[in-house]
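Here are a few friendly notes to read alongside the model. Keep the 3D view open and find each residue as you go.

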Amino acid sequence: MTTKLLIAYYSSTGTGTQMVNWAKEAAEANGAEVRLRKVHELAPDVAIDSNPAWRKNVEASADIPEVTSDDLLWADAYIFSSPSRFGVMASQLKQFFDLQGGLWAQGKLANKFVTAFSSAQNPNGGQEQVIQGIYTVMQHWGAIIVPAGYVNPSTFAAGGNPYGTSASIDSEGNMLKAAEVKAAIQDQTKRLVEVTSKYLGE
């Protein structure tokens, strides 16, 4: 049985989009069937148009489908990614979670394997808190959390976050230590696929 992986994310200016594309590459390279999905944008056009990088990312990711509850049901494992918004996950991802009460009540979100990524404009911008917030929701769902841990050297090289790979962005919108972040994301994704595969008996 091939591991079915849902990667669902929110990104405004493109850092998160890059991160989940690296995860998708790693997951497919390790034999997973992947659905890459973005969450629904809640911000108005006036806000998006105020930041050229935001508008550019919206247009660049226009072909990526929006995530649905059916995607959650389909998947064996999840990767969720969100930037920090004042130390918590983006409201766009939180709203998607908030709409899953029906599936949760039926127990249909339990026993899924999950890991998470985050980003912020500086190394102490709430990345760890965002990931822990995502994991709090997952605990309510009864999901099985697979953190990055300290099992791969790439975790240390990318900044040492054991909860999940996190990126920092400079004032020009460039990802710091991008090569190291990519390696950590790919190792974290590989670990998720391997753990899920063992559970499924592959």
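1. Let's start on the outside. This is a predicted model, and in it Phe86 counts as exposed because its relative accessibility is 89%, where exposed means over 50%. Phe86 sits in the loop that joins strand 3 (77-85) and strand 4 (88-89). Look at its backbone too: phi of Phe86 is near 55 degrees, a positive value in a residue other than glycine.

2. Lys177 belongs to the loop between strand 7 (166-168) and helix 9. With a relative accessible area of 44%, Lys177 is partly exposed.

3. Now follow the chain into helix 9, which covers residues 178-200. This helix has 23 residues and spans 33 Å from its first C-alpha to its last, close to the 33 Å expected at 1.5 Å a residue. After helix 9 comes Gly201, with a positive phi near 80 degrees.

4. Which residues of helix 9 are buried? They are Val181, Ala184, Ile185, Gln188, Thr189, Leu192, Val193, Thr196 and Ser197. As you look for a pattern in that list, remember that an α-helix has 3.6 residues a turn, so residues three or four places apart point the same way.

5. Helix 9 also has a neighbour to look at. The axes of helix 1 (residues 15-29) and helix 9 come within 8 Å and cross at roughly 45 degrees. The two helices are therefore oblique to each other, and their crossing is right-handed.

6. What meets what at this crossing? From helix 1 come Met19, Trp22, Ala23, Glu25, Ala26 and Ala27, and from helix 9 come Ala178, Val181, Lys182, Ile185, Gln186, Thr189 and Val193. The residues of this contact divide into nine nonpolar, two polar and two charged.

7. Finally, visit Leu72 in helix 4 (residues 69-74). Is Leu72 buried or exposed? Leu72 counts as buried because its relative accessibility is 0%, and buried means under 20%. Leaving aside neighbours within four places in sequence, Leu72 is in contact with Leu6, Tyr78, Phe80, Phe96, Gln100, Leu103, Leu109, Lys112 and Trp141. To get a sense of scale, compare Leu72 with Thr13: they are 59 residues apart in sequence and 25 Å apart in space, C-alpha to C-alpha.

Definitions and conventions: Residues are numbered from 1 along each chain as its sequence is written. This is a predicted model: local features need pLDDT of at least 70, side-chain atom pairs count only at pLDDT 80 or more; totals for chains, interfaces and linings use all residues. Side-chain values use heavy atoms; hydrogens and water are left out. Axes are lines fitted to C-alpha atoms, for helices over the stretch in contact, and angles run from 0 to 180 degrees between N-to-C directions. Helices (H or I, at least four residues) and strands (E, at least two) are DSSP runs, numbered from the N terminus. Angles under 35 degrees count as roughly parallel, over 145 as roughly antiparallel, 65 to 115 as roughly perpendicular and the rest as oblique. A crossing is left-handed if the near helix is turned anticlockwise from the far one by less than a right angle, and right-handed if clockwise. Contact means heavy atoms within 4.5 Å. Ala, Val, Leu, Ile, Met, Phe, Trp, Tyr, Cys and Pro count as nonpolar, Asp, Glu, Lys and Arg as charged, and the others, Gly among them, as polar. The expected span of a helix is 1.5 Å times one less than its number of residues. Buried means under 20% relative accessible area, exposed over 50%, partly exposed in between (1.4 Å probe, protein chains only).
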